Structure formats: C-alpha cells, structure tokens
Amino acid sequence: MKLYYMQASGNSYKVRILLSLLKAPCELVLLDGKKKEHKSPKFLALNPRGEVPVLEDGAVVLWDSSACLVYLARKHGGEQWLPTAAGPLAEVVQWLALAGNEIQFGLQYARRGMLQGRWTAGTLEQGQELGRVALNALEQRLKGHEWLALGHPTIADVACFPYIETAPESKVPLEPYPAVIKWLERCKALPGWPAR
C-alpha cells in the first residue's frame, strides 16, 4: 500500500492514525503542497480532485479520507474499528458524516483560511459557527461516554480527531468543551497513536 499525504492535512492524518493503530504496512509518500505536487498530471491521474489523501493498494485507489478509513478498517481491523451489523455500523457512520460536514466545512475550512489566507467557502465566522455545532455534538456525547461510538475506539474517533484537535488554529478555543479535551487525551494515549 501507498499513502500520498501532506503533513499539514488533517484528512491525511486520519489515515496515518489508523494505519499506525492497525500496524498496517504502508509506504508513506509525502507531497509538497508549495510545489503543487497534488495538482500534477501524475497525481491527478490518481485523484481528479487534486487533494490528499490518496490510498493506493494494488488496483484499489481511494481518494477520500472516510473511504480510506472504511477500507483499512474492514481490511485490517475486523469488527472493532468498523462493525458490519446494521445498528453499530450506522452509529459509527453518523460520526463520519459529522467529520465530513460540520467539522470539515467548519473547523477545517476556518483553519485553512487562517493558515493560508484563502477561503474555500464562507467566512471565518461562518466556519467557526459550524465548527461549534460539531464541538457541541461531541461534548454532549462525550459527557457520558468515553468514545464516540460503541463504547470503544472506532474510526468515528479517528475521523473526528484531527480538526477537533486543531480547532484553536481556527480561533475556536477548546476550553468550553472539557469532555472533548479529555477525549483528545484518551485518543492520543492509545497504543500506536502517531504524532502529528
């Protein structure tokens, strides 16, 4: 397997986290965003969106972080990381949806705007507001649970982690969300959890 990624990309970090937790062998291919390597014809042949991550496993090429997490969880993680039964599967997937919506369009876009001075959609304030919707949902869940789904770590936690951790880079402080802060610490304490 090969993972094409960029260091600053939280979506890439999600996939690197799961690869490390599962101890799945994978070649990491670091792309240089400043040189626009993710927009090169060679890379666009893998991902027409011109974004990272891209996971390549033989003939399988995946270019969405959630798709990568699902693939790795089913191929290397058994039932623990992504169960197949309808109810538990849906419980995990609803958090993947939060990661791909409120977290992505809120905290991730606001962070990118702050770091790169460019706005993909909306304003900083709109991103922050949407990000707080995500943080409130996590806080509500984590007040009574250690993990987002099923009572143990799953790809739900992995999918939500990166842009929650970097919320302060979006000028959204985490102090109002004490249960979220404790959850971030639990995630980082899992054996094999990689540093950013």
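**Salt bridges**

Mentor: Start with Arg196, which is partly exposed at 29% relative accessibility. Buried means under 20% relative accessible area, exposed over 50%, and partly exposed in between (1.4 Å probe, protein chains only). This is a predicted model: local features need pLDDT of at least 70, side-chain atom pairs count only at pLDDT 80 or more, and totals for chains, interfaces and linings use all residues. Residues are numbered from 1 along each chain as its sequence is written, and side-chain values use heavy atoms, with hydrogens and water left out.

Trainee: Which side chain does Arg196 meet in a salt bridge?
Mentor: Glu165, at 3.4 Å, N to O. Arg196 sits in the segment after helix 8 (178–188) and Glu165 in helix 7 (residues 155–165), so the pair ties together parts 31 residues apart in sequence. Helices (H or I, at least four residues) and strands (E, at least two) are DSSP runs, numbered from the N terminus.

Trainee: Which residues are linked in a network with those two?
Mentor: Lys188 joins Glu165 and Arg196 in a network of salt bridges.

Trainee: What counts as a salt bridge, and how many are there?
Mentor: A side-chain nitrogen of Lys or Arg within 4 Å of a carboxyl oxygen of Asp or Glu. The count is seven.

Trainee: New topic. Is Asp57 buried or exposed?
Mentor: Buried, with a relative accessible area of 15%. Asp57 forms a salt bridge with Lys75 at 2.5 Å, N to O. Lys75 is in helix 3 (residues 65–76) and Asp57 in strand 3 (residues 54–57), 18 residues apart.
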